[in-house]
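Biologist: I've got the sequence and the model open side by side. Mind walking me through the helix packing and the chain contacts?

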Amino acid sequence: MTALVQHVLDALSVGSTYALLALGLTLVFSVMNLINFAYGLLLVWGGYAACVLVDAGLPFALVVPLCVLFVTALSVVMGRVAFRPFIGAPQITLLITSFGVLLITQYIAILVFGEKPRVLNTPDFLTGVIAAGGLRVPVLQVVTIASGALVVAAFYGLLHRTPFGAHLRAAAESPETARLMGIRPDRVLMIAFAISGAIAGVVGLLWFAKVGAVTPRSDMEPTLKAFIAIVLGGLGRTSGAMLGGLALGGIEVTMNVVLPSGAITYAQAIVFAVVIALLVLRPGGLSGARTEAA
Amino acid sequence: MVRLALRSDSPPDLLGRLGATAGALLAAGVVTLLGGLLFLAPTMAEIVLLFGINAILVIGFQVFVGNTGIVSFGHVAFMAVGAYAGGIAAMPVLDKEVVLPDLPGALAGTEVGFLPALLVGGAAAALLALLTGPALMRLSGAAASIATLGLLIIVSNVLAQATPLTRGPQSLFGVPENTTFIGVYASLAVVVALSAWFKWSGAGLRARAVRDQPAAAEAAGVSVLRSRLWAFVLSAFITGVAGALYAQLLTAFSPGSFYIPQLVLVIAMAIVGGVGGISGALLGTAVITVINEVLRKVESGVPIAGVEIHAPSGISFAALGVALILMLRWRPSGLLGASEVQVETRAPAPAEAGPARVAGAAVPPVATDRPPAEATVEE
């Protein structure tokens, strides 16, 4: 019984990281059809910012908001410089453009920080473990699940209770009509990039606090997980993104538990195979969203 | 009258199809001639061979992406499978006992020559495409791209873990160095002819009909799945052959050789040249190869105005990124778009509106509203 609870907690914490990643990616996608290959690099830059600030001796309580702010700004700059000229371009053009953005920003990271991994020193309380009953729950796991819930709540509040949110939803649902109503598409896009960047800042901290070190090439794993999550959940829906993220977390943890030790090295391949199989059964993703529109 | 033309619509009959194939072969011939001249310089030999292999790889990529409009991130997986299958097939039996002692009996006891090794590589990749295609080809647009990326990750993971077959993450060595200039460029000619023939075949036209008008094509009785699947299998075969050539040129490689950096290279070459056509694939490969080599020289240091300039390593990838973005911004269909070098035996009839012409009035997958180029060169 305690083992099951433990696994569920594992799945929830992994899944909520993926859900947040997918949420940030989907937000921009819903406004301009961009699937951003460079998204993981925002996490990497956030991770580096945290390393630098922690090493400079700032208290962690200050590092967190500064990092989130930094990544938000970076995301807006990226959107403004690299992606805004491509508003209205076909999905595939955008996808490959973001690939180019990834190559450039990664090179800058290599220039600034070098190829060697840089250790992120997190405060001691984050590495602790809460023991209750037979359960041993890492503090980071609790923090991850809590931040996931908090970010999602804030996100929905923003999306459904503020004028910004209304603009965003309008632009996502019907760009033409939104334009006629006086909503400026490029402004909406910048807001989407800002929110998406803020989410990336939070996830970046959680991700690298867990991994422990940052390299310029640590972006691929989170990017891939986010991609899989949004496709699994159904492209273009925030609810689908979260569902997909949680489902991916669930699948991964289940694979780790049920696979025999001989097959565990193939876990990554099996997870991807399961996801592709699910997509064949439901090409529109778990939430049955619009994927068929090529 | 025989003349050369650069055009993007389709030849209406068998003669036109032969002309289109001959035109593509002519383009490949020019590339081969230039490569042959450079090959005489000893420092350029390996670059010329790698260029030829990359050209085959990009054409393999183009056969699928150009005809179906789905950008595949998975083709490097076919290259990997081709390299491992072809490389292991070509390895001498005695070396296999040392390098791969746990190889299953039938594989351990056989070794094949250069050409059969290419076919083994291509066939293995085509088989993988045939098995995964029915699932992957159901998806469209970005979802399909991401699913093909999934294929690359699956293959990479399996190659790195299947130690008895591949030596796992360590590099596989002992593949004989069979790849020669003739081998590469003869393969290129065959591959170019094959893909040009496919482009104007019924299967190719159906694939492009599905690309441009999925609903209309389906209503006209074209199977979306099957038309994409043929393009997928053929392109995997070509890519697998490129992998087998690569294996027998480098003689040692690991699963890491076939991952994101190689993917970046293929995509950049295809996008810059124009993913819509074979001529574009050749041109893009040439342009990116030149840029890459120049930057590699800069990385190792060049004197500019008396000062030794060193660029930090990795600059070639950043340059590829810049090239991709500039290209997509200013010329999204690539340098050549969907235009092909074609040999014409009579004046083009622009007003003709047969069914072949409708399907061939190609809107490149990375499309603009720019009209297709129709420059004609008199011979």
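Biologist: Let's start with α1(B): how close do the axes of α1(B) and helix α9 of chain B come, and at roughly what angle do they cross?

Modeller: First, a caveat: this is a predicted model, where local features need pLDDT of at least 70, side-chain atom pairs count only at pLDDT 80 or more, and totals for chains, interfaces and linings use all residues. Residues are numbered from 1 along each chain as its sequence is written, while chains are lettered from A and ligands numbered from 1 in the order in which they are written. Helices here are DSSP runs of H or I with at least four residues, strands are runs of E with at least two, and both are numbered from the N terminus. With axes as lines fitted to C-alpha atoms over the stretch in contact, and angles running from 0 to 180 degrees between N-to-C directions, α1(B) and α9(B) (residues 181–199) come within 8 Å and cross at roughly 160°.

Biologist: So is α1(B) roughly parallel or antiparallel to α9(B)?

Modeller: Angles under 35 degrees count as roughly parallel, over 145 as roughly antiparallel, 65 to 115 as roughly perpendicular and the rest as oblique. The axes cross at roughly 160°. That makes the pair roughly antiparallel.

Biologist: What residue classes make up the contact of α1(B) with α9(B)?

Modeller: A contact needs C-beta atoms, placed from the backbone, within 7 Å. Those in contact include B:Ala24, B:Leu25 and B:Phe39 of α1(B), and B:Tyr185, B:Leu188 and B:Trp197 of α9(B). Ala, Val, Leu, Ile, Met, Phe, Trp, Tyr, Cys and Pro count as nonpolar, Asp, Glu, Lys and Arg as charged, and the others, Gly among them, as polar. By class, that contact has 13 nonpolar, 3 polar and no charged residues.

Biologist: And which residues of α14(B) does α1(B) meet?

Modeller: The axes of α1(B) (residues 14–39) and α14(B) (residues 278–299) come within 9 Å and cross at roughly 15°, so these two are roughly parallel. The contact has 7 nonpolar, 1 polar and no charged residues. From α1(B), B:Ala24, B:Ala27, B:Ala28 and B:Val31 take part, and they meet B:Ile278, B:Ser279, B:Leu282 and B:Ala286.

Biologist: Is B:Arg167 buried or exposed?

Modeller: You'll find B:Arg167 in the loop between α8 (163–166) and α9 of chain B, with a positive phi of about 65° although it is not a glycine. A residue is buried if 20 or more other C-beta atoms, placed from the backbone, lie within 10 Å of its own, exposed if 12 or fewer, and partly exposed in between. B:Arg167 has 20 such neighbours, so it counts as buried.

Biologist: How does B:Thr251 count by its C-beta neighbours?

Modeller: B:Thr251 also has a positive phi of about 65° without being a glycine. Its place is the loop between α12 (224–250) and α13 of chain B. With 18 C-beta neighbours inside 10 Å, B:Thr251 is partly exposed.

Biologist: Which element gives the most to the side of chain B that touches chain A?

Modeller: There, 39 residues of chain B are in contact with 39 residues of chain A. The elements giving two or more residues to chain B's side are α7 (141–161), α13 (260–273) and α15 (315–330). With 13 residues, the one that gives the most is α7(B).

Methods. Contact = placed C-beta atoms within 7 Å.
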